[in-house]
Amino acid sequence: FMSSAFLEIVELPDGRIVLRRSEEDGALVTLTFSSEARGFLKARYIDVAKEMFHAGLLAAGHLAEEEALNESDPDDATEHTLH
């Protein structure tokens, strides 16, 4: 279980933006924007990265809830499609 209270978003010197646990150096998720995307977003690319991480954490939470429900009722299993 991951708590967002212990996560931080950091821009690394090489331009990658990572989501990591505040007490660790290793990245849980890494985002890299192309120079074209950064040019389009300008200084707002950090805000976009924050929203992307937030959406991902919400989705992971929903999937974990579904999985817990499916484990309690194996006849109600749901297939997930990766896009």
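The accessible surface of the chain amounts to about 6700 Å², and carbon and sulfur atoms account for 56% of that area. The model examined here is predicted. Its average pLDDT is 86, and 83% of the residues score at least 70. Where pLDDT is low, predicted coordinates should not be read in detail. In the chain, helix H1, which covers residues 35-41, has the highest confidence, with a mean of 95, while helix H2, which covers residues 45-72, has the lowest, with a mean of 91.

The chain contains 2 helices and 3 strands. Along the sequence these elements follow the order β-β-β-α-α. Of the 83 residues in the chain, 16% are buried. Among contacts with a separation of 6 or more, 22% are between residues 24 or more positions apart.

The interior of the model was considered next. In soluble globular proteins, nonpolar side chains tend to be buried together. The largest nonpolar core in this model consists of 9 residues, namely Leu7, Ile17, Leu19, Leu31, Phe33, Leu41, Tyr45, Ala49 and Phe53. Strand S2, spanning 17-21, and helix H2 each supply at least two residues of this core. The largest share, 3 residues, comes from H2.

When neighbours within four places in sequence are left aside, Ala49 is in contact with Ile17, Leu31 and Phe33. Phe53, a residue of helix H2, has a relative accessibility of 6% and therefore counts as buried. With neighbours within four places in sequence again left aside, Phe53 is in contact with Ile9, Ile17, Val18, Leu19, Val29 and Leu31. The separation of Phe53 from Val18 is 35 residues in sequence, and their C-alpha atoms are 9.1 Å apart in space.

Two further members of the core, Phe33 and Tyr45, were examined for the arrangement of their rings. A pair of aromatic rings is described by the distance of the centres and the angle of the planes. A search of the whole structure finds 1 aromatic pair. In this pair, the ring centres of Phe33 and Tyr45 are 6.2 Å apart and the ring planes stand at 70°, so the arrangement is edge-to-face. Because Phe33 lies in the loop between S3 and H1 whereas Tyr45 lies in helix H2, the pair ties together parts that are 12 residues apart in sequence. Phe33 is buried, with a relative accessible area of 15%. Tyr45 is likewise buried, with a relative accessible area of 15%. The ring of Tyr45 also has a charged group over it: the charged end of Arg38 sits 4.1 Å from the ring centre.

The strands were then examined through individual residues. Arg20 is located in strand S2. With a relative accessibility of 16%, Arg20 counts as buried, because the cut-off for a buried residue is under 20%. If residues up to four places away in sequence are not counted, Arg20 touches Phe6, Leu7, Glu8, Val10, Asp25, Gly26, Ala27 and Leu28.

Thr30 belongs to strand S3, which comprises residues 27-31. The relative accessible area of Thr30 is 37%, so this residue is partly exposed. Residues up to four places away in sequence aside, Thr30 touches Arg16, Ile17 and Val18. Thr30 and Val18 are 12 residues apart along the chain, and a distance of 4.4 Å separates their C-alpha atoms.

A final point concerns the backbone. Most residues other than glycine have a negative phi. In Lys42, by contrast, phi is near 55°, a positive value in a residue other than glycine. Lys42 lies in the loop between H1 and H2. Its relative accessibility is 60%, and Lys42 therefore counts as exposed.

Methods. Residues numbered from 1 in each chain as written. Predicted model: local features only at pLDDT ≥ 70, side-chain atom pairs only at ≥ 80, totals over all residues. Heavy atoms only, no water. Helix = DSSP H or I, 4+ residues; strand = E, 2+ residues; numbered from the N terminus. Buried < 20%, exposed > 50% of the residue type's maximum accessible area, 1.4 Å probe, protein only. Contact = heavy atoms within 4.5 Å. Areas by Shrake-Rupley, 256 points an atom, 1.4 Å probe, with all protein chains shown as cover. pLDDT = per-residue confidence, 0-100. Core = buried A, V, L, I, M, F, W, Y, C linked by side-chain atoms within 4.5 Å. Phe/Tyr/Trp six-rings, centres within 6.5 Å; stacked < 30°, edge-to-face > 60°. Lys NZ or Arg CZ within 6 Å of the ring centre and 35° of its normal.
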